[in-house]
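Dear colleague,

Here is the structure I said I would pass on. My notes on it follow below.

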Amino acid sequence: MTLGRSCIRLCVIAIAMQASSALAEVFTFPAPQAKQQQNGPEQTLLSEANQVAVVYGSADIGAFRPAIEAFQEINPTVAIEYHQLQTLEMYDMTVKARANGGPHADLIISSSMDLQMKLANDGYAIAHKSPQTEALPSWARWRNEAFAVTQEPAVIAYNREFFRENGLEPPRTREAFLELLRTNDELLSEKVTTYDIERSGVGFLFLARDERFFPGVWDFVRQLGQSKVKLYSNTSPMLEKIAEGQVVLGYNLLGSYAETFSQRSPNLGVILPDDFIVVYSRIAVIPRGARSPNIGARFLDYLLSVEGQSVLQDAGNFNPVRADVAPSPFSSLIFDRYGERVRSFPLGPGLLVYLDQAKRQRFIRHWQDALLNRR
């Protein structure tokens with residue numbers, strides 16, 4: 001089915017109005033060779049060292065820094081400006097830059113698969129083809145304009161101490177989660193957390209995928225409302241509050257962040273649901289009008305290389321997209337043990353359905369009604 005461009009555009013505007021504005025955090029990584037030249041007797045820079053790649057990304061800098069630094073080791077004349085942005089911000093900035101003739105990023109890596117696909121579908125992306133992009137599975141690239149860089153599952157997270165002290169087993173399926181809330185309503189009241197799908201694009205995608213594969217999804221949401229669920233737009237505060245015991249159970253949290261957080265906070269338990277696992281990807285595009293598209297393409301190729309995928313996996317638990325990258329235990333658990341139960345989002349225009357205004361409004365209205373037990 002073809003979606004009306006004006007309908008989708010109105011939906012994107014509406015989402016942006018709902019989301020709280022946030023200023024970009026800019027992290028600068030000077031070119032290593034340029035820094036060496038500054039220390040030399042002439043205090044000059046090589047002309048090549050003036051190359052700068054401007055990258056817009058939604059990934060936390062702590063998880064993404066190792067990939068930037070590893071890239072610079074083999075590209076010592078390239079400086080990186082990493083703008084850590086909310087997904088709606090980077091989409092809006094890209095559209096405005098094209099309209100106003102302003103400066104563009106050289107590479108955009110976003111966790112909002114639908115918005116990235118809209119940029120590519122609407123002509124905002126440059127085609128790029130290389131041995132690294134060709135090494136991706138067919139589902140992970142679209143028209144050589146949009147590329148999956150990671151694979152990340154939605155997980156259940158819980159406070160180990162709370163469950164141990166109360167003699168409870170953490171839920172390993174959605175039905176078990178629902179039953180746990182029903183039978184421990186008072187104990188778990190105001191102790192459960194998940195995404196606010198009205199403010200979180202990733203949260204919306206996860207729940208929309210749940211609706212397709214979990215027949216009891218709206219009973220589940222109604223029970224979340226009954227349990228006075230705490231809603232957040234980002235993963236990190238939910239993980240922190242679970243580890244501290246302010247809340248004790250989280251649903252549909254980003255597995256990459258949860259697994260990394262659990263390694264430094266043993267009180268945080270992470271569960272891959274046994275019924276099915278929703279897996280999404282961060283999508284990269286080189287925007288049309290990029291100031292240095294060749295450098296953006298070079299950085300993209302590094303992220304898609306065996307080395308780059310390995311660094312992303314080792315540093316941030318971002319599961320690799322390429323099949324020829326040695327998997328971590330976390331990645332093996334997802335794709336080897338649960339392979340047939342993985343529910344991924346293939347790249348393609350099908351992602352635009354999540355931006356259809358009428359469908360999105362119906363979905364959010366259903367969410368609101370279920371949370372408030374209005375039906």
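Which residues does Leu303 touch, not counting residues up to four places away in sequence? Leu303 touches Phe64, Ala67, Leu107, Ile109, Val149, Gly308, Gln309 and Leu312, where contact means heavy atoms within 4.5 Å.

Before the rest, the conventions. This is a predicted model, in which local features need pLDDT of at least 70 and side-chain atom pairs count only at pLDDT 80 or more, while totals for chains, interfaces and linings use all residues. Residues are numbered from 1 along each chain as its sequence is written, and side-chain values use heavy atoms, with hydrogens and water left out.

Strands (E, at least two residues) and helices (H or I, at least four) are DSSP runs, numbered from the N terminus; two strands pair if DSSP finds at least two bridges between them.

Seven strands make up an open sheet of mixed pairing, ordered E1-E3-E2-E4-E13-E6-E5. Strands E1 (25–29) and E5 (141–142) are at the edges with a single partner strand each, so one side of each has no neighbour in the sheet. Within it, E6 (residues 146–148) and E13 (residues 283–285) run antiparallel, joined by two bridges, and Phe147 stands opposite Ala284 in E13.

Strand E7 (residues 152–159) has eight of its eight residues buried, so it is largely enclosed by the rest of the structure. Buried means under 20% relative accessible area, exposed over 50%, partly exposed in between (1.4 Å probe, protein chains only). Four antiparallel bridges join E7 to E10 (residues 249–254), with Ala154 opposite Leu254. E7 also pairs antiparallel with E11 (residues 268–271) over four bridges, and Tyr158 stands opposite Gly269 there.

Regards
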